[in-house]
Amino acid sequence: MEEKVKDEKQQTIKRGDLTMLKLRSLFDKMMSVDSDQVMSVYLETDPTVIGRNRAAAQIWLKDSLKSIRNDLPQSHLKDFEKIHSNILEEAEYRISDGKSLILFSGTGFFEAAHPQIKVTNEVWWGKPSIGQLDWILEEYRNYGIIKIASEKIHYYIIGLNEVIKEWEETISSDTLAWQSKHLPPENIMREKAIPGLRGGDTKEIVERHISEEVQKFWKHCTSSIEAMKKQFHVNEIVLTGLDSQTDLFQKCLNTNEVTVIGKIPLARESSIKEIISAAQQIFQNFERTKEQKLIDKIIERSATNTSASLGIKKVLKLIQEGRSNTVAITNGSDKILVECNDCGYVMTKDAKECLHCISKNLRVGSMKTLIPPLLRKYKTPLNIVSDKVSDIFNKQGIGALWRY
Ligand SMILES: [Zn+2]
């Protein structure tokens, strides 16, 4: 499993298709769509999966669209037909790109992505179905790398093991720190008045002055780091540079918005690829430790039924009472659930009628489809955890800490 995940990520580097950036912008766009006549499609097209192939995926898509059409009210049919043919055309044309096909189509828009990430087959008519996108963005979260030098800071946003965005900030060229590196000494001395500078102790005073300027520049980076969080949803960063510099840099930062989760000593020839692979290890270890802690807490507390619940039925109830504080789900979880078409209440698939409004108008959806929007509605954070962390937890696949 570990090997397979690695392979999947390596391939992504080669393609350099900036998957995570694309999926994030797709997610944001679909969040703002205000229509209930949108077709959402998630189709697994990975030909290496045994028992699946692309022809079968297309047949599944056609059949699913047909069964949706059969259930539609007359008033939706005209819009549906147009979207229907666009979708089949795109699926036929692009089915060999990527491991899956994600499509959203409605009046006036058609959006497609072909990521190297597995999805659960789904065709959904109504409001855009963004649960799986939400799930993927949480499962493959972005993190940041900051490469530190005295007069230059380089920022990298890493998503799915590739650089999805990078930029640089340089100390301004009228500071002594910049000039001492780029101009001959006699030019600097001629033009710059350094307070306290007399003959004899020049070197020490100049160095102290430079170091003050550098730290001032570094302190300034706090706002860029907060931008990493705002724009790219980065919560964790890894620092790289000379040891003495990364330590000092961290002291200069003044923010609780992101966490420094590790440091990588920079060798002269370190390539960005090497830095990413070291950072990836740090990020994974950080994630595993965090997941282990959360899961241990859930298991321990749920055993005595104090402030935590384990298992889909209990957790669904807890969420919809507004009492869940945080929810953990293993990455492999893919149970079938049902949602009430009238009030949106979500239940396990054995429900015959809505537990909330007793409507019999229920529709089937996977966990990946239904749980993320439910958690958004109740403002509960979603944590996708590795299925390697705990066998006890895996058996249930989902658990939650109580708010009260
Ligand atoms: Zn209901």
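## Overall make-up

The chain holds 14 helices and 16 strands. Both are DSSP runs numbered from the N terminus: helices are H or I with at least four residues, strands are E with at least two. This is a predicted model; local features need pLDDT of at least 70, side-chain atom pairs count only at pLDDT 80 or more, and totals for chains, interfaces and linings use all residues. Residues are numbered from 1 along each chain as its sequence is written.

The C-alpha atoms fill a box of roughly 90 × 55 × 40 Å along the principal axes. Of the 404 residues, 33% are buried. Buried means 20 or more other C-beta atoms within 10 Å of a residue's own; exposed means 12 or fewer; partly exposed is in between, with C-beta atoms placed from the backbone. Take the contacts between residues at least 6 apart in sequence: 66% of them join residues at least 24 apart. A contact requires C-beta atoms, placed from the backbone, within 7 Å.

## The four-stranded sheet

An open sheet of 4 strands runs in the order S3-S2-S1-S4, with antiparallel pairing. Strands pair if DSSP finds at least two bridges between them. Strand S3 (109-113) and strand S4 (122-126) are the edges, each pairing on one side only. Neighbouring strands are turned by 5° against each other on average, direction ignored.

Strand S1 (residues 38-44) pairs with S4 over 5 bridges, in the antiparallel sense. Tyr42 stands opposite Glu122 in S4.

## Helix H3 over the sheet

H3 lies across S1 and S4, at about 25° to S4. Axes are lines fitted to C-alpha atoms, for helices over the stretch in contact; angles run from 0 to 180 degrees between N-to-C directions.

Ala56 belongs to helix H3 (residues 54-71). Ala56 is partly exposed, with 13 other C-beta atoms within 10 Å. Its C-alpha atom is 8.9 Å from that of Thr45, 11 residues apart along the chain.

## Packing of H2 and H5

Two packed helices are described by the angle between their axes and the distance between the axes. Helix H2 (residues 19-31) and helix H5 (residues 131-139) pack at about 140°, with axes 10 Å apart. The two are therefore oblique to each other. Angles under 35 degrees count as roughly parallel, over 145 as roughly antiparallel, 65 to 115 as roughly perpendicular and the rest as oblique.

H2 contributes Leu23, Arg24, Leu26 and Phe27 to the contact; H5 contributes Leu133, Asp134, Ile136 and Leu137.

Definitions and conventions:
Contact = placed C-beta atoms within 7 Å.
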